[in-house]
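Hi everyone, thanks for coming. I'd like to walk you through one model today, so please have a look at the screen.

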Amino acid sequence: MAVAPRRSSFVHFKPRDLPDRELVRDLRRVARAAGRRRMTSAFYAEHGTFRPNTLARRFGSWNAALGAAGLEVTQHWRVPDAVLLNNLADVWRRLGRQPTWRELTKRGGVSKFAGATYKRRFGTWHNALRAFEAFTRKRGGREVLPRRTRAAARPAREIGWRLRATVLIRDNCLCRMCGASPAKDPAVTLHVDHIVPWSKGGETVLANLQTLCAVCNIGKGNTGKGNIGKGDVRTT
Ligand SMILES: [Zn+2]
């Protein structure tokens with residue numbers, strides 16, 4: 001689509017002195033030459049005589065300028081955040097877990113919006129998830145989130161690696177009972193341990209987990225907690 005740029009004519013007149021019809025005529029000229037009825041402002045900026053801003057100012061918006069020229073208006077409807085976040089809840093429910101942004105695809109009707117849309121809106125996927133978390137909290141959680149992630153009777157005994165890492169970082173990789181640290185003594189092995197044992201109803205949540213060295217954990221084991229190897233985390 002070779003549309004001859006007519007930048008040179010810029011200097012001969014001031015666009016603001018031109019009647020609307022001149023501006024409209026140029027829009028139509030570029031559209032006709034390009035063989036399209038729809039035109040982005042970026043395309044017009046490259047091939048048109050005037051600046052897209054000049055037209056947008058004159059007609060109120062770029063779309064209004066297109067409308068005045070009888071061209072198709074590009075829809076730039078901004079999807080409300082709540083719609084995006086509700087869709088995320090649907091996908092979450094469908095998958096039964098937190099989706100990755102790559103899983104957000106319109107293919108196969110998985111999601112109504114692409115992952116890229118979330119990144120554009122929220123800056124990063126991480127930010128989108130944070131917005132989602134705040135959104136679900138505001139809604140009372142249960143309403144939008146699947147039962148099995150929010151309202152599960154009790155989390156599993158198994159401590160996922162993410163949660164283990166979170167506990168270790170929170171506790172500065174120190175045993176909470178004796179302060180032993182693998183950084184100071186390579187022989188020290190740290191465990192992530194249920195404070196209230198799982199067998200006694202303790203949940204696998206951050207507040208009920210602590211970092212203990214193997215020695216302290218064995219000592220604690222005598223007072224209720226068995227299988228010390230289970231939550232074993234070796235930090236080398
Ligand atoms: Zn210890």
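A word on the ground rules. This is a predicted model, in which local features need pLDDT of at least 70, side-chain atom pairs count only at pLDDT 80 or more, and totals for chains, interfaces and linings use all residues. Residues are numbered from 1 along each chain as its sequence is written. When I say helix or strand, I mean a DSSP run (H or I with at least four residues for helices, E with at least two for strands), numbered from the N terminus.

Let's begin with helix H5, residues 81-95. H5 has 15 residues and reaches 21 Å from its first C-alpha to its last, close to the 21 Å expected at 1.5 Å a residue. That expected span is 1.5 Å times one less than the number of residues.

Which residues of H5 are buried? They are Leu 84, Leu 85, Leu 88 and Val 91. Buried here means that 20 or more other C-beta atoms lie within 10 Å of the residue's own; exposed means 12 or fewer, partly exposed is in between, and the C-beta atoms are placed from the backbone.

What do they pack against? The buried residues of H5 pack against helix H6 (115-122) and helix H7 (125-138), with contact meaning C-beta atoms, placed from the backbone, within 7 Å. On the face turned away from the buried side, H5 carries the exposed residues Ala 82 and Val 83. After H5 comes Gly 96, with a positive phi near 75 degrees.

Now to the strands. E1 (190-194) is mostly covered, with five of its five residues buried. Leu 190, Val 192 and His 194 point one way from E1, while His 191 and Asp 193 point the other way. E1 pairs with strand E2 (residues 209-213) in the antiparallel sense over five bridges; pairing requires that DSSP finds at least two bridges between the strands. Leu 190 has Cys 213 of E2 as its bridge partner.

Asn 172 is not a glycine, yet has a positive phi of about 55 degrees. Cys 173 also has a positive phi, near 55 degrees.

Key. Two residues are in contact if their C-beta atoms, placed from the backbone, lie within 7 Å.
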